[in-house]
Amino acid sequence: SSPELSFQPTSVEEIKEILDLARQRSKRVKVVGGGHSPSDIACTDDFMVQMGKMNKILKVDEEKRQVMVEAGILLSDLNVELSKYGLALPKGGVAAIAKAGVAPYLCGWERHGIVSPRQVVALTLLTASGEILECSESINAEIFQAARLHLGCLGVVLTITFQCVPEFYLLETTFPSTLQEVLDNLDSHLRRSEYFRFLWFPHSENVSVIYQDHTNKPPSSSASWFWDYAVGYYLLEFLLWISTFLPGLVCWINRFFFWLLFKGKVEHVDLSYKIFNYECRFRQHVQDWAIPIEKTKEALLELKTVLENNPKVVAHYPVEVRFARGDDILLSPCFQRDSCYMNIIMYRPYGKDVPRLDYWLAYESIMKKAGGRPHWAKAHTCTRKDFEKMYPGFRKFCTIREELDPTGMFLNVYLEKVFY
């Protein structure tokens, strides 16, 4: 992305001035948050608005357990501030994400612990015309239904009000299993833990199961710089770089690192956000689709079969599998159905790209066949025709978008593929 002008506003008035200038010059505007999205959704050649200086907590209602924040606040900062009031977000996420990034691109992950649009109880939206709209389930309800996940194309989110819960601790339990065991007993795992996900190590049967549950146990950790960084990051990146010359090593690397880092049972207790939040250490390419939860076993076994039948196609670990409940948010990948998110990854050791096209296309084909919907902030090849089939509320969203932004001020190349 090479914006013509980049702005860091500190007030609503400054944002209005930016939009006025954009109208005068017939420029488009793209608002960005923490810059975490590994796709073109936040790119522009016109005006870029970085919300990082609008990062204040505006109001804390301790009785209702609600917090109103400016849209540029980082999740990591919000979590610390909420803790001072004995509050927490019900879910967590990637600590570097700003709410300005979360609100436009949020994708409804729930069981996994990512900030969910269902936690948003109100927001204020500055439209292309300069009008400020208060939105909630009781005010501008249809716009609210769309704006909780709007891809940045309805306007500039100024404030967000989140529903919080009393501060709580989580026990994270990680233990080894096999792909067959997990898939055969998926319902049992889902019932057994509040937040269940698992990591499959491609080219093997190995799986690492992760449970996260409320606990009264005192904080404890088995974290180790040597295992987490020296081995789990530096050694792994070096071996993945070697594998770019010898692709056959990937199968061995996946099995070796499962044995090194995931073969035993590990427990970790801490404040919820410290368990939920995670650090993305590697540069990477990612695809992530949500499929109907009942298609989980079928889709994952088909992906496994594709890799077994095509030995030249290699896949880095892990394939992360997590689950979310259905919702009523128009562009949520979980719209009207309980879902399984299946995330595949190919790392870029020392910034070096690795061949992934065959893996990507095979995965996307399986996801489409299973009735999947792509994560909005990740790579995909879908266009408007695909989205009209995937989302029952897609045309309703388009009508709202055209009413709020008739000239397309908040579009970019990525969003043109979505809406035209």
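A salt bridge is taken here as a side-chain nitrogen of Lys or Arg within 4 Å of a carboxyl oxygen of Asp or Glu. The structure is a predicted model, in which local features need pLDDT of at least 70 and side-chain atom pairs count only at pLDDT 80 or more, while totals for chains, interfaces and linings use all residues. Residues are numbered from 1 along each chain as its sequence is written, and side-chain values use heavy atoms, with hydrogens and water left out.

**View 1. The salt bridge between Arg-148 and Asp-328.** The closest N and O atoms of Asp-328 and Arg-148 are 3.4 Å apart. Across the interface of domain 1 and domain 2 the rule finds one salt bridge. Between the two domains there are also three residue pairs in polar contact, both residues being at pLDDT 80 or more. A polar contact is a pair of N or O atoms within 3.5 Å; within protein, one must be able to donate a hydrogen and the other to accept it, and residues adjacent in sequence count only if both atoms are side-chain atoms. On the side of domain 1 that touches domain 2, helix H2 (75–84), helix H4 (141–147) and helix H13 (394–404) each supply at least two residues. Helices (H or I, at least four residues) and strands (E, at least two) are DSSP runs, numbered from the N terminus. The residues of this side of domain 1 divide into 20 nonpolar, 10 polar and six charged. Nonpolar here covers Ala, Val, Leu, Ile, Met, Phe, Trp, Tyr, Cys and Pro; charged covers Asp, Glu, Lys and Arg; the others, Gly among them, count as polar.

**View 2. Domain 1 and domain 2.** Domain 1 comprises 5–166 + 389–419, and domain 2 comprises 169–374; the bounds come from an automatic or database domain assignment. The C-alpha centres of the two domains lie 28 Å apart. In contact (heavy atoms within 4.5 Å) are 36 residues of domain 1 and 36 residues of domain 2. The size of an interface is often given as the accessible area lost when the parts come together. About 3100 Å² is buried between domain 1 and domain 2, and carbon and sulfur atoms give 59% of this area. Buried area is the accessible area (1.4 Å probe) that two parts lose on being put together, summed over both.

**View 3. The salt bridge between Asp-184 and Lys-297.** A search of the whole structure finds 21 salt bridges. In the pair shown, the N to O distance is 2.8 Å. Asp-184 lies in helix H5 (residues 179–184) and Lys-297 in helix H10 (residues 296–309), so the pair ties together parts that are 113 residues apart in sequence. Asp-184 is partly exposed at 44% relative accessibility, and Lys-297 is partly exposed at 32%. Buried means under 20% relative accessible area, exposed over 50%, and partly exposed in between (1.4 Å probe, protein chains only).

**View 4. Salt bridges of Lys-217 and Lys-304.** The side chains of Glu-267 and Lys-217 meet at 4.0 Å, N to O. Because Glu-267 lies in strand E14 (residues 266–271) and Lys-217 in the loop between strand E13 (206–215) and helix H7 (225–243), this pair ties together parts that are 50 residues apart in sequence. Glu-267 is partly exposed, with 36% relative accessibility, as is Lys-217 with 44%. For Lys-304 and Glu-308, the closest N and O atoms are 2.7 Å apart. Lys-304 and Glu-308 are four residues apart in helix H10, and therefore separated by about one helical turn. Lys-304 is buried, its relative accessible area being 14%.

**View 5. Surroundings of Asp-327.** Asp-327 is in the loop between strand E16 (319–324) and strand E17 (339–347), and is buried at 8% relative accessible area. Its side chain makes a polar contact of 2.7 Å with the side chain of Ser-332. Leaving aside neighbours within four places in sequence, Asp-327 is in contact with Arg-118, Ser-332, Cys-334, Phe-335 and Gln-336.

**View 6. Asn-79 in helix H2 and Ser-243 in helix H7.** Asn-79 is buried, with 3% relative accessible area. Not counting residues up to four places away in sequence, Asn-79 touches Leu-89, Tyr-273 and Asn-277. Ser-243 is buried too, with 5% relative accessible area. With its neighbours within four places in sequence left aside, Ser-243 is in contact with Leu-249, Val-250 and Ile-253.
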